[in-house]
Amino acid sequence: IDGTKYIYEAVNIAEKISEPEKRSGFLFALASILLKDDPIAAQGIINNAIKTLNKMEPTDLGRFFIQISIPLSCEGEDKNWYGDSVTIANSNVFDSISLFSKHNPDDARQIAENIDDKASKIRALAIITKIALAKAKTQK
């Protein structure tokens with residue numbers, strides 16, 4: 001079974017999510033998954049994630065999590081909930097940029113240049129530079 005088909009379907013679903021934080025988080029994660037099999041499509045997806053990210057307030061861009069809440073009470077009783085939060089690998093801009101820079105630092109730099117928030121852009125470019133320098137050092 002070709003799993004990339006399901007990733008493309010997940011991307012289509014993620015692009016319809018109304019909350020920008022969740023939409024960008026899922027898109028970053030899906031782009032990272034797709035990077036190995038289809039780097040061109042992955043780059044388009046991460047660029048869409050960054051467009052969504054640019055619509056958000058630049059507070060705490062490094063965190064992405066999904067809150068899961070399960071009601072434990074019956075109707076008419078005091079509300080009791082069980083809840084937790086989970087994260088998805090490479091679901092924030094910095095983890096995703098890091099993965100992309102390991103694959104191709106030049107493409108990652110072009111992607112990072114699209115980040116509007118200056119502090120986040122500088123941090124992403126620093127991550128890319130660190131990875132590119134380490135890669136160059138090992139290739140000598």
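This is a predicted model: local features need pLDDT of at least 70, side-chain atom pairs count only at pLDDT 80 or more; totals for chains, interfaces and linings use all residues.
The chain has six helices and two strands, and 33% of its 140 residues count as buried.

**Overall layout**
- Reading from the N terminus, the elements go α-α-α-β-β-α-α-α.
- Along the principal axes, the C-alpha atoms fill a box of roughly 70 × 40 × 30 Å.
- If you look at contacts between residues at least 6 apart in sequence, 54% of them join residues at least 24 apart.

**H1 against H2**
- These two helices pack at an angle of about 165°, and their axes sit 10 Å apart.
- The angle is over 145 degrees, so H1 counts as roughly antiparallel to H2.
- The crossing of H1 past H2 is left-handed.
- On the H1 side, the contact uses Thr-4, Ile-7, Tyr-8, Ala-10, Val-11 and Ala-14; on the H2 side, Arg-23, Phe-26, Leu-27, Leu-30, Ile-33 and Leu-34.
- Sorted by type, the contact residues come to ten nonpolar, one polar and one charged.

**Helix H3**
- H3 covers residues 39-53, which is 15 residues.
- From first C-alpha to last, H3 reaches 20 Å, close to the 21 Å expected at 1.5 Å a residue.
- Its buried residues are Ala-42, Gln-43, Ile-45, Ile-46, Ala-49, Ile-50, Thr-52 and Leu-53.
- An α-helix has 3.6 residues a turn, so residues three or four places apart point the same way.
- What covers the buried residues of H3 includes helices H1 (4-14) and H2 (20-34), along with H4 (93-103) and H5 (105-112).

Methods
Residues are numbered from 1 along each chain as its sequence is written. Side-chain values use heavy atoms; hydrogens and water are left out. Helices (H or I, at least four residues) and strands (E, at least two) are DSSP runs, numbered from the N terminus. The expected span of a helix is 1.5 Å times one less than its number of residues. Buried means under 20% relative accessible area, exposed over 50%, partly exposed in between (1.4 Å probe, protein chains only). Contact means heavy atoms within 4.5 Å. Axes are lines fitted to C-alpha atoms, for helices over the stretch in contact, and angles run from 0 to 180 degrees between N-to-C directions. Angles under 35 degrees count as roughly parallel, over 145 as roughly antiparallel, 65 to 115 as roughly perpendicular and the rest as oblique. A crossing is left-handed if the near helix is turned anticlockwise from the far one by less than a right angle, and right-handed if clockwise. Ala, Val, Leu, Ile, Met, Phe, Trp, Tyr, Cys and Pro count as nonpolar, Asp, Glu, Lys and Arg as charged, and the others, Gly among them, as polar.
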